[in-house]
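This briefing covers the contact between two chains of a predicted model. Please look at the sequence and structure below before reading on.

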Number of protein chains: 6
Amino acid sequence: MANKTALIVSAHSADFVWRCGGAIALHASLGYDVTVVCLSYGERGESAKLWKKEGMTLETVKTERRREAENAAKALNVHDIEFFDLGDYPLEMTRAAKDRLVDVMRKVQPSFMMTHSKYDPYNTDHMYVSQWTLECRAIAQAWGHNPGEKVLGAPQVYLFEPHQTEQMDWKPDTFLDITPVWDNKWAAIQCMEGQEHLWHYYENVAQNRANHFARNSGGQSGGRAAKYAEGFQSIYPRTVDEL
Amino acid sequence: MANKTALIVSAHSADFVWRCGGAIALHASLGYDVTVVCLSYGERGESAKLWKKEGMTLETVKTERRREAENAAKALNVHDIEFFDLGDYPLEMTRAAKDRLVDVMRKVQPSFMMTHSKYDPYNTDHMYVSQWTLECRAIAQAWGHNPGEKVLGAPQVYLFEPHQTEQMDWKPDTFLDITPVWDNKWAAIQCMEGQEHLWHYYENVAQNRANHFARNSGGQSGGRAAKYAEGFQSIYPRTVDEL
Amino acid sequence: MANKTALIVSAHSADFVWRCGGAIALHASLGYDVTVVCLSYGERGESAKLWKKEGMTLETVKTERRREAENAAKALNVHDIEFFDLGDYPLEMTRAAKDRLVDVMRKVQPSFMMTHSKYDPYNTDHMYVSQWTLECRAIAQAWGHNPGEKVLGAPQVYLFEPHQTEQMDWKPDTFLDITPVWDNKWAAIQCMEGQEHLWHYYENVAQNRANHFARNSGGQSGGRAAKYAEGFQSIYPRTVDEL
Amino acid sequence: MANKTALIVSAHSADFVWRCGGAIALHASLGYDVTVVCLSYGERGESAKLWKKEGMTLETVKTERRREAENAAKALNVHDIEFFDLGDYPLEMTRAAKDRLVDVMRKVQPSFMMTHSKYDPYNTDHMYVSQWTLECRAIAQAWGHNPGEKVLGAPQVYLFEPHQTEQMDWKPDTFLDITPVWDNKWAAIQCMEGQEHLWHYYENVAQNRANHFARNSGGQSGGRAAKYAEGFQSIYPRTVDEL
Amino acid sequence: MANKTALIVSAHSADFVWRCGGAIALHASLGYDVTVVCLSYGERGESAKLWKKEGMTLETVKTERRREAENAAKALNVHDIEFFDLGDYPLEMTRAAKDRLVDVMRKVQPSFMMTHSKYDPYNTDHMYVSQWTLECRAIAQAWGHNPGEKVLGAPQVYLFEPHQTEQMDWKPDTFLDITPVWDNKWAAIQCMEGQEHLWHYYENVAQNRANHFARNSGGQSGGRAAKYAEGFQSIYPRTVDEL
Amino acid sequence: MANKTALIVSAHSADFVWRCGGAIALHASLGYDVTVVCLSYGERGESAKLWKKEGMTLETVKTERRREAENAAKALNVHDIEFFDLGDYPLEMTRAAKDRLVDVMRKVQPSFMMTHSKYDPYNTDHMYVSQWTLECRAIAQAWGHNPGEKVLGAPQVYLFEPHQTEQMDWKPDTFLDITPVWDNKWAAIQCMEGQEHLWHYYENVAQNRANHFARNSGGQSGGRAAKYAEGFQSIYPRTVDEL
C-alpha cells in the first residue's frame with residue numbers, strides 16, 4: 001500500500017525550513033512522502049547577504065539558494081522538492097503555473113497541505129501564495145479539469161508560522177511536538193547559510209511553542225513536556241468520530 | 001481503569017439536548033461517563049408554552065422542566081445530571097455557585113467540556129455562562145484552591161451550536177458524525193415537550209451539518225457520508241503528534 | 001388606536017441629545033411616543049464645567065443636569081423621560097434597576113430601542129449599559145418574569161453614534177434623514193449648557209452624516225440631498241417582505 | 001412607467017437558484033424585472049455528476065448546465081438571463097468581461113444587486129466574483145466611462161447565502177419571507193438535475209431561515225410565522241426616513 | 001545634510017488633498033521634501049462635474065484635473081508631484097507601473113509613506129492601491145531588484161482617512177495637529193474646483209479630528225487645544241526608546 | 001521639577017516582571033518614578049510549586065510571593081509597589097478596590113499605564129483586570145469623583161505581552177528596546193523562584209521581540225540592532241506634531 005503524503009507550498013526556497021521543517025521531518029519519520037514546492041528561490045528579496053557580494057548575478061543567487069534548499073530538504077527527509085522558478089518580489093502566478101501546481105496536488109494526493117498566512121504586509125508574496133493555494137486546491141477538485149484524472153479530495157490546509165505572527169493575523173489552533181526530529185530541523189536550518197541571523201530566532205520559536213504545547217496539553221498540573229514544537233492554523237473544520 | 005469523562009455546562013435545562021445531545025450519546029457509546037450541569041431550568045425565559053397555561057407557578061414549571069431534562073438525559077445515556085437551580089433571565093452566578101461548578105470539574109476531571117457561544121445578543125444568559133465556564137476552569141486548575149484536591153488539567157472547551165449561529169459570531173472548527181446515535185438524540189429532543197416548535201429545526205440542523213461533515217472529509221470527490229452531525233468551536237489549540 | 005412607541009436607554013442624561021436627538025424628534029413628528037430613560041445624570045463624570053464652580057455639590061449638579069435634560073426632552077417632543085439616578089463613573093446596575101428597566105420596556109412596548117455602542121474604552125459606563133440593555137430585553141421577553149404581564153416582542157436595538165466612532169468599533173448600517181427636525185435637535189443641543197464645547201462638534205457630525213446619506217442613496221449620480229442625518233448600528237437582522 | 005428591476009451576479013449557473021431563488025421569484029411577483037448574469041456555467045467545477053458519465057465533453061456539460069439554468073430561470077419568472085461563459089475553476093474576469101457586466105448594470109439600473117460572500121476558501125471563484133461586482137459597480141457609477149450613458153445610482157449589494165456560512169464569515173442582516181413563492185423555488189431547485197444531493201439541503205436552509213424570520217420579527221411572544229425564508233448580508237448602509 | 005522626505009501614494013489626483021493635505025503641509029514646514037504620486041487623474045470616476053459639461057473629452061478632463069492637483073500641490077508646498085496616468089475606474093497597475101513606483105520609493109527614501117485604506121467597497125481603486133503600495137514597498141526592499149541601487153528601509157505606511165471611515169474598517173491610531181498649516185490645506189481644498197460639494201465636508205472632518213486630538217491628549221481635564229487635525233492608521237509597529 | 005511617572009496594574013504579583021520588567025527598568029533609568037500595583041499575589045493560581053510542598057498555607061504562599069515581587073521590584077528600580085491583596089482565581093474587584101486604584105492613579109498622575117490583554121481564556125483574572133483598569137481610568141478622570149482632587153489626564157494604556165499572544169488576540173503596535181536594562185530584567189526574572197520554568201521562555205521572548213524591533217526599524221537593509229525588546233499594544237490613538 002502507498003505511503004501517506006503531504007504537500008508544502010513555499011513561496012521562497014527557505015520558507016519550508018523555518019516554518020514547517022519539523023512537521024516535514026516528523027511526518028517523514030511516520031512514513032509520509034512529503035513533497036515541497038518552492039514557487040521561487042527568493043532570489044531577489046530574501047538573499048540580501050549574497051547580493052552584498054561583489055559581482056553577484058541572478059543566476060548565481062538562484063543556484064546558491066537552490067543548493068541550500070536541496071540540502072535542507074535532504075536533512076528533513078523530503079520525498080520530493082520541485083522548484084517552479086516563478087520569480088519573487090513580486091511572485092506572479094500565471095495560469096500555467098497554477099495548472100502546474102494543480103498537477104502536483106493531484107499527483108501527490110496529499111493528506112494535508114501547508115502554506116503561508118492569509119495576510120502579510122511585510123511580504124505580499126506570502127499572502128498571494130496563500131490565496132493561490134486555495135484557488136489551486138479548488139481547481140484540483142474540479143472534475144472537469146483534465147477529465148479522467150483523479151481529482152483531489154479535501155485535504156486540510158495548514159497555515160504555517162509567519163514571521164511576526166501577530167502582525168499577520170495568524171492564530172495557531174494546532175501544536176505539533178517536533179522534539180523527536182529537532183536535530184533534523186536544526187540541521188536544515190543550518191543549510192540556510194545566507195540567513196544565519198534567523199537560526200537562533202527560529203530555535204527560540206520552537207522552544208516557546210513547546211511551552212505552548214505543554215500548556216495546552218496539561219495546564220498547571222503538568223502537561224506533556226515537549227522541547228520543540230511548531231504551530232499551525234487550520235483553514236477548514238475537522239471531521240471526527242470522537243472529540 | 002476508570003472511564004473517560006466529559007462535562008457539559010448548560011445554561012438552561014434544554015440546551016444540552018439541542019446543542020450537543022449527539023456528542024453526549026456518542027461519547028457515552030464510546031464508554032465516556034458524561035456529566036451534565038444545568039445551571040437553571042430555563043423556567044422563566046424558555047418555558048413560554050407552560051406559562052400560557054392557567055394557574056402556572058414557578059415551582060410547577062421548574063418541576064416540569066426538570067422532568068423533561070431528566071428524561072432527555074436518560075435517552076442520551078448521561079452518566080450524571082446536576083441541577084444548580086440558579087434562576088434564569090437573568091442567570092446570576094455567585095461565588096458559591098462558581099465554587100460548586102469548580103467542584104464538579106475537579107470531581108469529573110473531564111477529557112473535554114462543552115458550553116455556550118461567547119456572544120449572544122438574544123440571550124445574555126448564554127454568553128455569561130460561556131465566560132463563567134472559562135473562569136471556573138481557571139479556578140479548578142489553581143493549586144491553591146482547596147489545596148490537596150486533584151487540580152484540573154487542560155481540557156478542551158467546545159462551544160456548542162447556538163441558535164442563529166452567524167448572529168453569535170460562532171464558527172465551528174470540528175464536525176462530529178452522530179449518525180450512530182441519532183435515534184437517541186431524536187428521542188431526547190422529543191422529551192422537550194414544551195418546545196415542539198424546535199424539534200424539526202434541530203433535525204434540519206443535524207442533517208445540514210452532516211452535509212458539512214461530508215464536504216470537509218472529502219470534497220466533491222466524495223467525502224464520508226454522514227446523515228447527522230454536530231458542529232463545535234474550540235477555545236484552545238490542539239496538541240498532536242501527527243497532523 | 002395607540003401610537004407607535006420607541007425607547008431610548010441613555011447612560012448619562014445628555015447622551016440621548018447628541019446621539020439620537022434627531023431620531024427622537026423625527027419619530028415624535030411621525031406620531032411615535034418616545035420614552036427616554038436616563039440611567040444616571042452623568043453628575044460625576046460628565047459635568048466638569050459645573051464642578052469647576054466654587055462650592056458645587058453632587059445634588060446641585062444632579063439638579064442642574066436634570067433640568068438641562070428635561071429642557072432638551074421638551075425640545076425634542078419626548079413623550080416621557082425617566083431618571084433612574086443610578087450614579088455614574090461607575091454606573092452600576094443592580095438587579096432592582098434591571099427589573100425597573102424591564103418594567104419600562106414592557107410598559108412602552110417599543111417598536112425599536114436605542115442605546116450605546118458595544119465597546120468604549122473611554123467610558124465604560126457606555127459599554128456596560130449597552131450590554132445591560134440586551135440583558136433586560138431578554139428578561140422582558142421571558143414569560144415567567146412577572147407572569148401575566150404582556151411580554152416584550154422583538155424590537156430592534158439600534159446603537160447610536162458614540163464619540164470617536166472608530167475607537168468604539170461602531171459601524172453604522174442605517175442613516176436617518178433628520179433635516180425636518182434639525183431645529184429641534186439644535187435647540188436641544190443648546191440646552192446642554194455645561195457642554196458647549198460639543199455643540200459645534202455634533203453639528204458637524206450631523207452635516208457629515210447627511211453627506212453619507214446622500215452618498216448611499218444615490219452615489220455620484222446624485223442621491224437624495226439631506227442637510228442633517230444620524231447614523232445607527234443594528235444589533236439584529238431585519239425581517240422584510242421586499243428588499 | 002417602467003418596472004422596478006434587480007440584478008443577480010452568479011459565478012456559476014446554479015448559484016442563483018440555491019442562494020436567492022426565493023428573492024428572485026418574490027420580486028418578480030412584486031413586479032420587478034429581475035436579470036440574472038451567470039458568469040460561467042460551473043462546467044468544470046460544479047458538474048461532477050455529468051463528468052462521471054462516459055465520453056462527456058466540455059461543450060456537452062455547458063449545454064446541459066445552460067439548459068438547467070434556463071429552466072430554473074423560467075420557474076422563478078426571471079426577466080432575463082445572460083451567460084458570459086467566462087470559464088470556471090478558475091473563473092477569470094478580463095477587462096472586457098468587466099465592461100460587459102458594467103453595461104448590464106447600466107442597462108438594468110437595478111434597485112438592488114446580489115452576489116457572493118466576500119470570503120470562500122472552498123471556492124475562490126465565489127469570492128473573486130464578489131469583489132469584481134463591487135469593482136464593476138464603481139465603474140458603472142463613473143461619469144467618464146462611456147460618457148453620455150446613464151450612470152448607475154447606488155443600489156444596495158446583497159451577499160446571498162453561501163454554503164457553510166460560518167466558514168465564509170457571512171452574517172445575514174436581512175431575512176426575506178419567501179413562503180408565497182416557495183413552490184417556484186422548489187421547482188427551480190429540481191431543475192438542477194446534476195446536484196440532487198443539494199435539494200434537501202437547501203430546503204432545510206429555507207425552513208430554518210424561516211425560524212430566524214419569526215424569531216427576529218417577534219421573539220418568544222410570537223413573531224410572524226414564515227415557512228420559508230432567505231437571508232442576506234448588506235454591503236452598504238440603508239438610508240431611511242423612519243426606523 | 002539632505003532633508004527628510006515623505007511619499008504619498010494617491011489613487012486619484014485629489015485624494016492627497018482631502019486625506020493628508022495637512023500632513024503634507026506640516027511636514028513641508030518642518031523641512032521635509034514631500035513627494036506625491038498620483039496614479040491616475042480620477043478622470044473617469046471622480047470628475048462628474050466636468051463630464052456634465054457639453055463636449056467634454058477625456059483629455060480635457062485629465063488636463064483640468066492635473067491643473068487642479070498641481071495648484072493644490074503648490075498650496076501645500078509639495079516638493080515633487082508625479083502623475084502616472086494609469087487610468088481609473090478601474091485603476092490597473094501593471095508590472096511596469098509597479099517598477100516605476102518602486103523607483104520613486106528608492107529615489108525618495110521616505111521617512112514615512114501614506115496611502116489608502118485596506119478596504120473600500122465604494123471605490124475598489126482605493127483598496128487595490130493600498131495593497132499595491134505594500135507590494136511595491138517589499139520590492140523596493142529587495143536587494144536583488146536592480147542590484148546596486150540603495151534599497152528601501154522600513155518606512156511606516158500610514159493609511160489616510162477615507163470617506164465614510166466606518167464602512168472601510170479604518171481606525172486611526174495617530175492624530176496630527178495641523179492647525180499651523182490649515183490655511184494651506186484650505187487653499188489646496190479650494191483648488192479642487194470640480195468637487196466643491198466636499199470642501200465643507202472635509203473642513204468638518206478636520207475640526208472634529210481636532211476634538212479627538214484634544215480628547216486623546218488630555219481627557220476631561222483639558223488636553224491640548226487643536227483647531228484642525230488629521231487622523232492616520234499605521235500598518236506597522238513603532239520602534240521606540242521611550243514610551 | 002517632579003519626575004515623570006508611570007503606573008503598572010498587575011493582576012498577580014509576577015506579571016509585571018515577565019510582561020514589562022524591561023519597560024519599568026528602562027523608564028526608571030530615564031528618570032521616571034514607576035509605581036506597580038499588584039492586585040493579588042497570585043497565591044492560589046500561580047504558585048503551584050509552593051503548593052506542592054508539604055504543609056503549605058495561604059499566608060505562607062502570600063508572604064513568599066510578596067517577597068519575590070519586592071525583590072524583583074528592587075531589581076527593576078521600581079519607585080513604589082503596592083499590594084491590594086484582593087485574592088486570585090478569581091480576582092474580584094469591589095467598588096472599594098476600584099476606588100483605591102483610582103486613588104493611586106490620581107496620586108501617581110502617570111504619563112502612561114500598563115495592564116493585561118483584553119482577552120485571556122486561560123486566565124480570566126487577566127482580562128477582567130484589563131477592563132477594570134479602563135473603568136478606573138474613567139472614574140479617575142471624573143471631576144465629580146472626590147471633588148477637589150486633581151483629576152487624571154488621558155494617559156495611554158499599554159497592554160503588555162500575555163502568554164500565548166495569538167490566543168489572546170493581542171497585537172503589539174510598539175516595540176521598546178530594553179537592551180540597556182536587560183540585566184535588571186534578567187535579575188528580576190530570577191527573583192521569581194517559584195516559576196523557574198518561565199525564565200528561559202521570557203528570555204526567548206525578549207530576544208525575538210528584538211528581532212521584530214530591528215525588522216520594523218529598518219527592514220532588510222539593516223534596522224537598528226537590539227538584543228532584547230518588549231512589545232506593547234496601545235488602547236488609545238497617539239497625538240503628535242510630527243509623524
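Chain B can be laid on chain A by a turn of 180 degrees and a shift of 0.0 Å along the axis, with an RMSD of 0.0 Å; copies are superposed by least squares on the C-alpha atoms of residues with pLDDT of at least 70 in both. This is why the relation is that of a two-fold axis. The model is predicted: local features need pLDDT of at least 70, side-chain atom pairs count only at pLDDT 80 or more, and totals for chains, interfaces and linings use all residues. Residues are numbered from 1 along each chain as its sequence is written, chains are lettered from A and ligands numbered from 1 in the order in which they are written, and side-chain values use heavy atoms, leaving out hydrogens and water.

**Symmetry**

- D173(B) is the residue of chain B that comes closest to the rotation axis, with its C-alpha at 4.9 Å.
- Both copies use the same surface, since 100% of the contact residues of chain B recur in chain A.

**Extent of the interface**

- Chain A and chain B each give 39 residues to the contact (heavy atoms within 4.5 Å).
- The two chains bury about 3200 Å² between them, with 54% of it on carbon and sulfur atoms; buried area is the accessible area (1.4 Å probe) that two parts lose on being put together, summed over both.

- Four salt bridges cross the interface of chain B and chain A (a side-chain nitrogen of Lys or Arg within 4 Å of a carboxyl oxygen of Asp or Glu).
- D241(B) and R224(A) form a salt bridge through their side chains, at 2.7 Å from N to O.

**Elements on the chain B side**

- Helix 1 (15–29), strand 4 (112–115), strand 6 (174–177), helix 7 (199–218) and strand 8 (238–240) of chain B each supply at least two residues of the side that touches chain A; helices (H or I, at least four residues) and strands (E, at least two) are DSSP runs, numbered from the N terminus.
- Helix 7 of chain B gives the largest share of this side, five residues.

**Strand pairing across the interface**

- Strand 8 (residues 238–240) of chain A pairs with strand 6 of chain B in the parallel sense over three bridges; two strands pair if DSSP finds at least two bridges between them.
- T239(A) has F175(B), in strand 6 of chain B, as its bridge partner.

- Chain A and chain C are not in contact, and their nearest C-alpha atoms are 18 Å apart.
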